[in-house]
Amino acid sequence: MGKDPSPIPNHGQAPGTRFASALNEAQYRAVTHPGGPLLVIAGAGTGKTRTLVYRVAYLVERGVDPRSILLLTFTRKAAQEMMERASRILDARCEMVAGGTFHSFANLTLRRYGSLLGYPASFTIADRSDAEDLVNLIRTELGFHKNKARFPKKRALMNIISRAANCQVPVGTVLAEEYPQYEDLAPEIEKIAETYALYKQERAVMDYDDLLTKCRDLLRDHPDVRRRISWTYEHILIDEFQDTNAVQAEIGAFLASEHGNIMAVGDDCQSIYSFRGADFRNIMDFPKRFPDCTVVTLEENYRSTQPVLSFTNAVIQNAREKYSKQLFTRTAGGTKPVYARPSSEIAQALYVLQKIQKHLQDGVPAHEIAVLFRAGWHSNDLEVLLNKNGIPFVKYGGMKFIEAAHIKDVLAFLKAALNPADAVSWHRILLLIEGVGPTTAKRLAESVHKKGLEALVSKPLQKRKYAATLQAFHDTMTRLAAGREPVSEKMEAVLTTYQPLLEAKYDDAPKRTPDLRSLAQMAERYESVEALLADLTLESPEQALAGEDTPRRRKDHVVLSTIHSAKGLEWETVFIIYLVDGHLPSSYALNDDDGIEEERRLFYVAATRAKRHLYLVAPKVQGPASFYSLATGGPSRFLFEIGRLGELVRREA
DNA sequence: TGTGGATATTTTTTT
DNA sequence: AATATCCACA
């Protein structure tokens with residue numbers, strides 16, 4: 001999120017003047033657009049966020065009820081920041097704008113209207129790993145795991161199923177196009193996909209894809225609801241439109257169906273989510289979907305110095321699709337990006353550490369320094385070094401709080417209590433009990449589903465050595481289901497039940513306990529367990545915690561981030577590490593051209609985050625040619641393909 | 001039926 | 001190099 005160089009306070013000037021002086025001509029046109037469809041193509045650092053923020057302020061000032069503006073962004077944090085900024089420009093009314101991600105919007109909508117599709121308001125959301133576990137259960141149940149040789153693993157299966165949902169094509173098509181090695185297994189995989197869908201429907205469980213597709217179905221098949229929602233939100237604003245998929249685009253269109261006031265903002269060069277079904281061509285199809293649409297292009301870059309911009313322009317120049325804009329800046333001065341080639345991975349971490357220390361000494365605030373990389377583990381070495389040298393950092397992307405096994409355990413208790421039909425959660429918590437394996441867990445989960453909680457304390461079970469634990473489960477669950485108590489007390493009840501199981505299961509239990517405490521702390525701020533679960537599942541906890549103590553603490557923290565998670569952000573100094581063929585571009589993308597194109601855009605996104613200093617670090621990767629490092633060779637091809645590289649960068653080390 | 005140890009895979013990125 | 005899955009034994 002770019003910071004406002006000059007937030008314009010409201011001094012009661014005539015509205016036109018105020019907005020005009022804070023914006024360039026193109027931005028102004030977008031902000032004051034009278035109504036109807038509007039597409040803003042905004043290059044990196046051209047004030048995309050600024051334009052959206054001013055648009056909100058403009059609409060509110062013109063008398064639009066803020067609650068009837070819907071701002072769909074990539075993260076909830078992004079939406080919140082935009083609303084805060086709009087409030088600074090205008091007034092607190094802007095805080096009341098309805099904002100969030102497509103997924104969180106879909107969640108709320110489906111809680112309210114899901115009954116029309118046969119879902120109770122208490123449906124649970126299965127995150128990616130829940131979904132994988134479920135698919136795995138189904139696979140085992142259908143007996144496909146001992147088929148011929150290589151049946152895809154749960155992860156691959158889920159990728160296939162999810163892709164089919166995101167691209168709205170049959171599983172068979174996905175297999176034919178992306179997984180030819182599994183094509184002869186199509187009937188089996190389709191069977192799994194069907195069973196999976198059926199299960200979710202029956203048990204009131206939704207995965208991430210369901211949230212979108214069911215929301216779309218609701219809007220499509222229930223005209224009365226569609227009309228009602230469309231009139232609730234008179235203005236639809238969509239950020240990062242290049243990373244929306246077909247379903248999201250449909251939702252956007254349905255939301256605008258009554259009034260046509262839809263504003264989409266994006267940059268086709270920065271589309272990096274095709275693995276989730278996003279297609280940058282979506283943005284080009286926008287005018288087709290809305291023939292009377294106005295298109296505004298933002299080309300003046302306010303973020304980077306000329307040397308950085310020259311380099312990034314050269315990077316994107318090699319894209320196969322030619323883009324319709326050439327960025328320029330009026331910012332003079334600056335230094336060329338630095339290209340370094342450390343002799344090993346360790347040397348790379350050391351190099352970055354030393355440079356970070358130097359910039360800190362030069363007075364660059366820690367939070368203006370970021371290290372970006374392709375995959376979560378790329379920062380491992382560096383993390384160790386930073387710790388050793390007492391440099392605090394925050395990391396975005398990669399392994400998340402909510403993915404830790406002990407957190408998932410606790411959440412499974414809450415989900416199971418909320419939705420007793422959610423056999424995956426039941427399965428998970430029952431397996432925690434010593435003496436209970438997959439078979440017993442499955443049986444117990446089924447009988448709870450059929451007969452209710454009493455099934456846990458039935459006569460035959462009393463003899464088992466774990467009868468006491470089941471009794472404890474029963475009591476805790478009964479208590480949770482009864483409601484009434486505040487969320488924090490429910491959480492405490494779960495933690496008390498869970499603690500002994502935690503200690504039995506993990507040798508490093510003491511290390512994990514603090515996480516449970518912070519979970520308890522988060523719980524205090526919620527009115528309902530549903531809301532807590534939804535937030536935890538639909539946004540990363542750094543964001544969920546944002547209101548808490550983090551902002552201040554983050555000030556003196558260097559940022560480590562995957563490139564994907566760096567979207568929309570900017571820093572004074574940016575390091576891109578592992579700029580090596582096989583890492584960036586990733587070896588998984590080397591097979592097809594579209595893959596390479598997307599990797600290039602990824603590199604472009606990373607490089608365009610830099611305001612003043614950009615470091616391109618390509619370590620010599622050594623070690624045995626394992627499966628892993630097989631494709632890792634020299635420096636990234638994206639460097640070699642730049643003809644005048646020598647002129648654009650300064651070589652070091 | 002559960003558990004622990006041996007053996008094959010396989011790892012991007014995220015809501 | 002780490003993890004998921006499989007297998008044999010208790």
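Biologist: How many of the residues of strand E2 (residues 69-73) are buried?

Modeller: Strand E2 (residues 69-73) is mostly covered, five of its five residues being buried. Buried means under 20% relative accessible area, exposed over 50%, and partly exposed in between (1.4 Å probe, protein chains only). Strands (E, at least two residues) and helices (H or I, at least four) are DSSP runs numbered from the N terminus. This is a predicted model, in which local features need pLDDT of at least 70 and side-chain atom pairs count only at pLDDT 80 or more, while totals for chains, interfaces and linings use all residues. Residues are numbered from 1 along each chain as its sequence is written, chains are lettered from A and ligands numbered from 1 in the order in which they are written, and side-chain values use heavy atoms, with hydrogens and water left out.

Biologist: Which residues lie on each side of E2?

Modeller: In a regular strand the side chains alternate between the two faces of the sheet. In E2, Ile 69, Leu 71 and Thr 73 are on one side, Leu 70 and Leu 72 are on the other, and all are buried.

Biologist: Which strand is joined to E2 by four bridges?

Modeller: Two strands pair if DSSP finds at least two bridges between them. Strand E6 (residues 235-238) runs parallel to E2 and is joined to E2 by four bridges; there, Leu 72 has Ile 238 as its bridge partner. Four bridges also join E2 to the parallel strand E3 (residues 98-101), where Thr 101 stands opposite Thr 73.

Biologist: What is the nearest side chain of opposite charge to Arg 55?

Modeller: Lys and Arg count as positive and Asp and Glu as negative; His and the chain ends are not counted. A salt bridge is a side-chain nitrogen of Lys or Arg within 4 Å of a carboxyl oxygen of Asp or Glu. Arg 55, in helix H3 (residues 48-61), is buried yet has no salt bridge, and the nearest side chain of opposite charge, Glu 234, is 10 Å away.
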